[in-house]
Amino acid sequence: MGLLSDIYNTVAKFFRPQEEQGDASKSVATNRLKLVLMQDRTNLTPKILEQMRGELIDLLSRYVELDKELLELNFEQEGNQVALMLSIPVIRAKDEEEIEAALKAEAEKLEQKAENMEEALPEGENSDICEEDSSDEQDMVCESSGSDNTAMSTPEGMTSNNNQEESQKEIQFEEQGS
Amino acid sequence: MAGRVIVITSGKGGVGKTTTSANIGTALAKAGYKVVLIDTDLGLRNLDLLLGLENRIVYTIVDVIEERCKLRQALVKDKKNPNLSLLAAAQTRDKSAVNAEQLKEICDTLKEENDFVLIDCPAGIEQGFQNAVAGATEAIVVTTPEMSAIRDADRIIGLLEAKEEIKSYKLLLNRVRPSLIKSNDMMSVDDVVEILSCPLIGIIPEDTGIITSTNKGEPIVNDEDALAGKAYRNVAQRILGEEVPFLDLDEPKGFMAKIKNAFAKLKAKV
């Protein structure tokens with residue numbers, strides 16, 4: 001049987017179009033290279049990029065409900081200009097009340113942060129989190145504050161009413177090529 | 001008459017700068033233009049070997065700069081083609097023996113009496129690169145479809161962009177292996193061009209003939225049958241402003257084509 005299947009595989013391979021053969025090490029190279037060139041060209045480290053991503057998510061979450069996992073942040077070169085391409089899968093737009101509530105929560109958070117800074121004494125859970133600057137922690141802040149507020153407390157209920165269609169929105173920031 | 005000064009550079013070593021310089025220079029000279037090749041790789045000179053002129057070198061670029069001879073005396077004429085001459089690098093000195101201004105002066109003098117001054121740049125982005133680029137107004141960036149070469153080419157393109165004197169730069173993709181591209185194991189020409197977003201001036205296939213031509217000290221453009229030679233001749237024509245389509249390096253696909261291809265290879269061997 002082994003011999004037969006060997007023969008079968010060899011013959012099958014011969015008839016298969018060449019494109020399907022071999023692992024696509026080329027695409028691995030292309031992707032790695034794109035990432036490394038992006039860092040070379042912009043001088044942005046992966047850590048800073050991650051932080052930027054986290055802050056953008058925080059900002060945009062106030063206005064729209066988005067799929068954080070699928071959010072893509074890329075640099076693209078168009079001629080002499082480097083463009084920052086942000087692809088944001090929007091689950092649904094928030095209504096006015098929600099946005100106001102989110103903004104209010106944000107303002108409160110900022111006040112609290114300012115107070116904490118003045119006191120310069122870490123008190124309670126909130127102040128601990130607010131003093132952290134890394135992006136992961138900021139994500140946490142966003143989510144935990146969301147669950148305390150009405151803004152994001154009922155996303156599942158709301159989305160089921162809305163059509164689940166995910167609309168892709170692209171926001172483009174232009175930046176001088178380096 | 002003011003000729004064009006083109007620097008051939010790459011960042012990474014071993015991607016074929018010197019081979020490219022020798023071949024483009026020879027092809028342009030064969031087309032009837034007066035060409036001077038300058039080897040600026042001080043301490044690691046090789047352009048003389050590729051042209052088969054290593055035994056004729058009396059004076060080098062450092063001798064010219066230190067005024068031990070006239071510029072005209074240091075130019076070595078090619079064996080076959082009187083249109084082509086070489087200004088060799090010094091083998092016993094290092095990059096610090098020359099500065100950018102001195103090289104620019106040499107280029108400016110040479111371009112008065114020649115149609116083309118081609119500068120073979122050393123690898124790296126330090127002094128040697130800065131010297132080589134100083135007198136040039138055009139650049140050819142040589143790369144291969146490998147990550148390290150492409151990354152270095154990107155860096156070089158960034159540096160060239162920052163130089164006001166460089167009016168145009170083009171990409172030459174060397175050592176392309178169509179069979180590997182087919183099997184998705186090598187980045188394709190389109191991939192590289194897209195990543196570097198730089199206009200293309202040539203695609204040179206990997207060719208074992210390059211090894212033998214280097215052994216003999218005879219640029220492969222002199223071999224009418226070699227594919228790489230043809231590709232380099234096309235590059236020369238594009239430099240001269242002609243529109244030449246890129247060579248179709250795709251091997252035929254499909255079952256019948258595979259058989260045909262196998263026969264063709266067999267025939268080539270016989």
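Visitor: Why does A:Leu49 count as buried?

Guide: Please keep in mind that this is a predicted model. The relative accessibility of A:Leu49 is 12%. Buried means under 20% relative accessible area, so A:Leu49 counts as buried.

Visitor: Where is A:Leu49 found, and which residues does A:Leu49 touch?

Guide: A:Leu49 is found in helix H3 of chain A, residues 46–61. Not counting residues up to four places away in sequence, A:Leu49 touches A:Met38, A:Leu44, A:Leu73 and A:Phe75.

Visitor: How do you know that the length of helix H4 of chain A agrees with what its residues should span?

Guide: Helix H4 of chain A covers residues 96–119, which is 24 residues. At 1.5 Å a residue they should span 34 Å, and the end C-alpha atoms are 34 Å apart, so the two values agree.

Visitor: Which residues of H4(A) are buried?

Guide: The buried residues in H4(A) are A:Glu98, A:Ile99, A:Ala102, A:Ala105, A:Lys109 and A:Asn116.

Visitor: What makes up chain A as a whole?

Guide: Chain A has seven helices and four strands. From the N terminus on, these elements run α-α-α-β-β-β-α-α-α-α-β. Chain A has 178 residues, of which 30% count as buried. Among its contacts between residues at least 6 apart in sequence, 68% join residues at least 24 apart.

Visitor: Let us turn to chain B. Why is H1(B) called roughly perpendicular to H11(B)?

Guide: The axes of helix H1 (residues 17–30) and helix H11 (residues 227–239) of chain B cross at roughly 65° and come within 9 Å. Angles of 65 to 115 degrees count as roughly perpendicular, and therefore H1(B) is described as roughly perpendicular to H11(B). The crossing of these helices is right-handed.

Visitor: Which residues meet where H1(B) and H11(B) are in contact?

Guide: H1(B) contributes B:Thr19, B:Thr20, B:Asn23, B:Ile24, B:Ala27 and B:Leu28. These meet B:Tyr232, B:Arg233, B:Val235, B:Ala236 and B:Ile239 in H11(B). By class, the contact of H1(B) with H11(B) has seven nonpolar, three polar and one charged residues.

Visitor: How do you know whether B:Thr18 is buried or exposed?

Guide: B:Thr18, which lies in helix H1 of chain B, has a relative accessibility of 19%. The cut-off for buried is under 20%, so B:Thr18 counts as buried. Leaving aside neighbours within four places in sequence, B:Thr18 is in contact with B:Asn46, B:Leu47, B:Leu50 and B:Asp120.

Visitor: What makes B:Leu171 count as buried?

Guide: B:Leu171 has 0% relative accessibility. Since buried means under 20%, B:Leu171 counts as buried. B:Leu171 is found in strand S7 of chain B, and its contacts beyond four places in sequence include B:Val141, B:Thr143, B:Val192 and B:Cys198. The C-alpha atoms of B:Leu171 and B:Cys198 are separated by 6.2 Å, although the residues are 27 apart along the chain.

Visitor: What is phi in B:Glu67 and in B:Arg175?

Guide: Most residues other than glycine have a negative phi. Phi of B:Glu67, however, is positive, near 60°. Phi of B:Arg175 is also a positive value, near 55°.

How values were computed. Residues are numbered from 1 along each chain as its sequence is written. Chains are lettered from A and ligands numbered from 1 in the order in which they are written. This is a predicted model: local features need pLDDT of at least 70, side-chain atom pairs count only at pLDDT 80 or more; totals for chains, interfaces and linings use all residues. Side-chain values use heavy atoms; hydrogens and water are left out. Axes are lines fitted to C-alpha atoms, for helices over the stretch in contact, and angles run from 0 to 180 degrees between N-to-C directions. Helices (H or I, at least four residues) and strands (E, at least two) are DSSP runs, numbered from the N terminus. Angles under 35 degrees count as roughly parallel, over 145 as roughly antiparallel, 65 to 115 as roughly perpendicular and the rest as oblique. A crossing is left-handed if the near helix is turned anticlockwise from the far one by less than a right angle, and right-handed if clockwise. Contact means heavy atoms within 4.5 Å. Ala, Val, Leu, Ile, Met, Phe, Trp, Tyr, Cys and Pro count as nonpolar, Asp, Glu, Lys and Arg as charged, and the others, Gly among them, as polar. The expected span of a helix is 1.5 Å times one less than its number of residues. Buried means under 20% relative accessible area, exposed over 50%, partly exposed in between (1.4 Å probe, protein chains only).
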